[in-house]
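Subject: Structure for you to look at

Hello,

Here is the structure I promised to pass on. Please open it next to the sequence, then read my notes below.

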Amino acid sequence: MCGIVGYTGCNQAAPILLEGLSKLEYRGYDSAGLAIESEDKIKVVRAKGRLHVLEEMTDNGRAMKGTCGIGHTRWATHGVPSVVNAHPHCNAKKTIAVVHNGIIENYQSIKAHLQKKGYQFESETDTEVIAHLLDSYYQGDPIEAIAKTMVRMTGSYALGILFFDQPGKVFAVRKDSPMIVGSTPEGNFLASDVPAILKYTKNVYFVDNMEIVSIGADSIHFYNLDQEEIEKEITTINWDAEAAEKGGYEHFMMKEIYEQPKAVQDTISPRIKDGEIVLEELGMTEDEIRKIRHIYMIGCGSAYHVCVSAKYVIEALARIPVEVDLASEFRYRDPILEEDSLVIIISQSGETADSIAALKEAKSKGAHVLGIVNVVGSSIAREADSVLYTWAGPEISVATTKAYSTQLAACYLIGIYFGKIRQTITDETYQELVEELMKLPDKIQRVLGDKERIQWFANKFAASKDIFFIGRGLDYGTSLEGSLKLKEISYIHSEAYAAGELKHGTISLIEKGILVVSVATQPELYEKMISNMVEVKSRGAYLMGLTCYGNYSMEDTANFTIYVPKTAKYFTNSLAVIPLQLLAYYVATARGLDVDKPRNLAKSVTVE
Ligand code: AGP
């Protein structure tokens, strides 16, 4: 999705903005642009394609003089990727420049209204209406013009704005699209995402919905929609700037796959004290936990897959019925939320539009909403009633790996903790599970040691047209994630099926030589899985088996087998997913694809 960076201070702005935009490349984009305040006008340079085109056009920013500006990477929604549709957009006199993340839903009616007043449009974007609308309201008071403009617009937006007659000032607002302001002694920053400014500062303000900010080189002022100044608290982000760099790896995805043992460790260990799980962050008393009658788990994409797996774990350990939903479905289906329901929203970015809408829906119905979120201070983190942070650090690759693993770990903590409080597991089982949980990071590390075999196997199947993943119970959840990982970065068609469903239709797709990845880690379902594998093998499938050490009979059926260490049956997903991440990665690299920035995808989906 789009990215915004702004800077005003004592250094040349354009090189800083370009560097910030490069840190947002992972979000996905198709064009980029800069607007810099110079002595006689606002200078705008825009380019279609990758950021290096803009860098070449501006000599890495050096050709654009000026110490105040805004920059943008655009992911096309309204209008094709092109120079005219790229941001910044300006008013006719080029005295106002705007960059925008989000979608203005009523832009057509605003455009028609402005056209009647004589305004002319050059792009197909919804954003251009903002520049002209600001122009129509601007009489020397930027806050007033911005507030009036906000009142007219519906949809979601984070805006960075320059007014030529307000030298050294960057203005910003947000509604349902993230925006932060960073403060340093050498100037102040605006950004849609933390990594853009992490090199310069960890001290940030989170702009809240319907707030307006005026940023000067040494001043930051916040206003509400009534144009009254408001006080905000500064937050310190605990991510390292190096964490958002490749650190010698060819791709962020591989680096992040390798960071999983640490990420899982960082998520689990602060919550286990003297062998006991401590989850004060849930903001729920033991009594409230005992009273929970229903849990709803909601997310999109991989976060949804975590929900699918967590359902098995939490139902088994805490004996609470868990309903799993895609956020995009939950938000529109008028869900029935019983009294004493807990709603858990899972999101890496904390900014996924559908997940935010699902959160609001759940809150409006009176449920306690717990966010499992990676980005500190993100919208879901702030709007949920309580937050359990995953400590994965910045995740740059579009394909999630370490965030997924930490989300699973967070769900295990909840399942075991609830089980103990509700006495649905014995003290002995509780202790065993806590001990086993603490061993997970080492076991993940061991699985990573098998990467050469997986690479060899991935090369063999890199030219596949279709690949199927099957599993039962928790292994079905793992299969869903393995299949998504593969299709999003390798562009190979893939489907995941609950193995018991095969005979209800899917088996007709199995042909000679087709790869079927069979995940079979669950002891009580192992024999059933072997039967399903035999069924597809007898129809010509080539079988990759994925199971735990000890289940060596797998080799009687599978053509190629990967083993993962034994662990508690509830946690096997955390180990089995690793070879599937590696498989997807190596298939994609064998096909010569850009694994970190797959086509058509964005890291955080901040529009519906
Ligand atoms: C997974 O690899 C994806 N890139 C995607 O499915 C992602 O998990 C989904 O968009 C949800 O994002 P979130 O966790 O930031 O809400």
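**A serine in helix H16**

Ser490 lies in helix H16. Its relative accessibility is 0%, so Ser490 counts as buried. One of its polar atoms lies 2.6 Å from the backbone oxygen of Leu486.

Before you go further, please keep in mind that this is a predicted model. Every value in this email was computed from it.

- Ser347 places a polar side-chain atom 2.6 Å from an oxygen atom of the ligand.
- Ser349 also has a polar side-chain atom 2.6 Å from an oxygen atom of the ligand.
- Val398 uses its backbone: an N or O atom there lies 2.8 Å from a nitrogen atom of the ligand.

How much of the ligand does the protein bury? Taken alone, the ligand exposes 410 Å², and the protein buries 90% of that. As for its location, the ligand sits in the largest pocket.

**Backbone points to check**

Most residues other than glycine have a negative phi, and most peptide bonds are trans.

Start with the peptide bond between His87 and Pro88. This bond is cis, with omega at about 0°. Pro88 is found in the loop between strand E4 (68-74) and strand E5 (89-90).

Next is Asn60. Its phi is near 55°, a positive value in a residue other than glycine. Asn60 lies in the loop between helix H2 (51-57) and E4. Is Asn60 buried, exposed or partly exposed? Its relative accessible area is 37%, so Asn60 is partly exposed.

Then there is Lys94. Phi is near 60° here, again positive in a residue other than glycine. Lys94 lies in the loop between E5 and strand E6 (96-104). With a relative accessible area of 41%, Lys94 is partly exposed.

**Buried residues elsewhere**

Thr390 lies in the loop between strand E22 (386-389) and helix H13 (402-421). Although it is in a loop, Thr390 is buried, because its relative accessible area of 1% is under the 20% cut-off. What joins the side chains of Thr390 and Asn374? A polar contact of 3.1 Å does.

Thr201 is another loop residue. You will find Thr201 between strand E10 (187-191) and strand E11 (203-206). Its relative accessible area is 6%, so Thr201 is buried. Thr201 and Ala318 are 117 residues apart in sequence. In space, their C-alpha atoms are 42 Å apart.

Two buried residues lie in helices. Gly20 is found in helix H1, residues 13-22. Gly20 has a relative accessible area of 1% and is therefore buried. Gly20 is 125 residues from Ala145 in sequence and 28 Å from it in space, C-alpha to C-alpha.

Asn532 lies in helix H17, residues 526-537. At 2% relative accessibility, Asn532 counts as buried. Asn532 and Gly500 are 32 residues apart along the chain. Their C-alpha atoms are separated by 7.3 Å.

**One more loop lysine**

Lys365 is found in the loop between helix H11 (353-364) and strand E21 (368-373). Is Lys365 buried, exposed or partly exposed? Its relative accessibility is 30%, so Lys365 counts as partly exposed. From Lys365 to Ile336 is 29 residues in sequence. The C-alpha distance between Lys365 and Ile336 is 8.5 Å.

**Where to start**

I would open the ligand site, with Ser347, Ser349 and Val398 in view. After that, turn to the cis bond between His87 and Pro88. Then look at the positive phi values of Asn60 and Lys94.

Best wishes

Technical notes:
Residues numbered from 1 in each chain as written. Predicted model: local features only at pLDDT ≥ 70, side-chain atom pairs only at ≥ 80, totals over all residues. Heavy atoms only, no water. Polar contact = N/O pair within 3.5 Å; in protein donor to acceptor, adjacent residues only side chain to side chain. Areas by Shrake-Rupley, 256 points an atom, 1.4 Å probe, with all protein chains shown as cover. 1 Å grid on protein atoms, 1.4 Å probe; cavity = no way out; pocket = protein on both sides within 12 Å on 5 of 7 lines; lining within 4 Å. Sits in = over half its atoms within 2 Å of the grid points. Helix = DSSP H or I, 4+ residues; strand = E, 2+ residues; numbered from the N terminus. Buried < 20%, exposed > 50% of the residue type's maximum accessible area, 1.4 Å probe, protein only.
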